[in-house]
Amino acid sequence: MNLEIVRAKDLKLKPKDETKLGFGRIFTDHMFSMQYKTGKGWYDAKIRPYENFSLSPACMVLHYSQTIFEGLKAYDTDAGINLFRPWDNFKRLNVSGKRMCIPEIDEKFALECLIELLGIEKDWVPKTEGTSLYIRPTIIATDPFLGVKEGDEYLFFIILTPVGAYYASGLEPVNIYVEDEYVRSVIGGTGFTKTGGNYAASLAAGKYAHDKGFSQVLWLDGVEKKYVEEVGSMNIFFKIRGELLTPPLMGSILPGITRDSVIKLSRDMFGVNVREERISIADIFEENASGGLEEVFGTGTAAVVSPVGGMTWEDKSIKVSGGKMGDLTAKLYDTLTGIQYGKIKDPFGWIKTL
Ligand code: COI
């Protein structure tokens, strides 16, 4: 398929103070889009000026949420612009798409289009330490139709936003609330996909937690509300008596690319034993009481490696690592970002430099 390129006539001013980017508020001059129709396949691949879409109010995604998305980042380095495991994001987009009945995209072509888009938008990749250009590929069902069925028309688009830290508190350890009423997902549901509905379903619990002064919600399994699952914007890791524990990929949590990278770094670079096992929240609190819980951190593209300084479950609150970032958490953060920003050699073949 051909990729058409239409350049924006007027370019926006780039943010002057890159220390105040925040997350996901400013968008670049161009975006990628491609359309799909049953019987025709994907067509009309285009890089075009960033602009609003015109969609029917009956557009299917607005009613029944048939949508999937991804999140990855481009990093400014001395050697060029680095992408981190971008092929894995397009692969996961197709995994989400299969569950959500969204037609498969050509992963190789999508990556080529992204690289072309980044070539045009390279000056938007921020240079200040800790910043990056966040990339959001998304697919939505666009048929103007109110019956419940899978779409026959789709729009795939990629937008770009220069970002700083995901959490306003930066690398300060976050305080998380263990949700014991609502659940995020169950095995057999859509928990392993990046679909908008998973995030919409998390908002009530998130609002309750924020109102109580917590940054994030830690979800428990949807059946027994006993086993730890994930944070919603991050996978979760516990360092207990020298080992790392993280919930296994059983279908209800997101198969995070940062999660996978942190497991590999821990095992191959730091010789830390990592167990992907179900772990109950009661055991975590007991390990804390007996001095076994050493560190807790979350992982995600947006959140990178984020220390957890405290957890509240029912009427019990604990402090982790004295409320500070733990040593292994810091080492993982430094090494992962070192590889992403081209400061540490990449022994895993994760980086694509443009
Ligand atoms: C990401 O980490 O890229 C995500 O998609 C999480 C989102 C809540 C910002």
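A pocket is an open set of grid points where a 1.4 Å probe fits, with protein on both sides within 12 Å along at least five of seven lines. The views below come from a predicted model.

View 1. The ligand takes up the space of the largest pocket. Ten residues are not all labelled here; among those that surround the ligand are Phe69, Gly71, Arg136 and Tyr166. The shell also includes Tyr199, Ser233 and Thr301. Sorted by class, the shell has five nonpolar, three polar and two charged residues.

View 2. The side chain of tyrosine 134 has an N or O atom 2.5 Å from an oxygen atom of the ligand. For lysine 194, an N or O atom of the side chain is 2.8 Å from a ligand oxygen atom. Alanine 302 takes part through its backbone, where an N or O atom lies 2.8 Å from an oxygen atom of the ligand. The ligand taken alone exposes 280 Å², and the protein buries 90% of this area.

**View 3. The ligand between two domains.** The domain assignment divides the protein chain into domain 1 (3–163) and domain 2 (174–340). Both domains give residues to the shell around the ligand, so the ligand lies between them.

**View 4. Where the domains meet.** How many residues of domain 1 are in contact with domain 2? The count is 22 residues of domain 1, in contact with 22 residues of domain 2. The C-alpha centres of domain 1 and domain 2 are 27 Å apart.

How values were computed
Residues numbered from 1 in each chain as written. Predicted model: local features only at pLDDT ≥ 70, side-chain atom pairs only at ≥ 80, totals over all residues. Heavy atoms only, no water. Near = heavy atom within 4 Å. Polar contact = N/O pair within 3.5 Å; in protein donor to acceptor, adjacent residues only side chain to side chain. Areas by Shrake-Rupley, 256 points an atom, 1.4 Å probe, with all protein chains shown as cover. 1 Å grid on protein atoms, 1.4 Å probe; cavity = no way out; pocket = protein on both sides within 12 Å on 5 of 7 lines; lining within 4 Å. Sits in = over half its atoms within 2 Å of the grid points. Nonpolar A, V, L, I, M, F, W, Y, C, P; charged D, E, K, R; others polar. Domains from an automatic or database assignment. Contact = heavy atoms within 4.5 Å.
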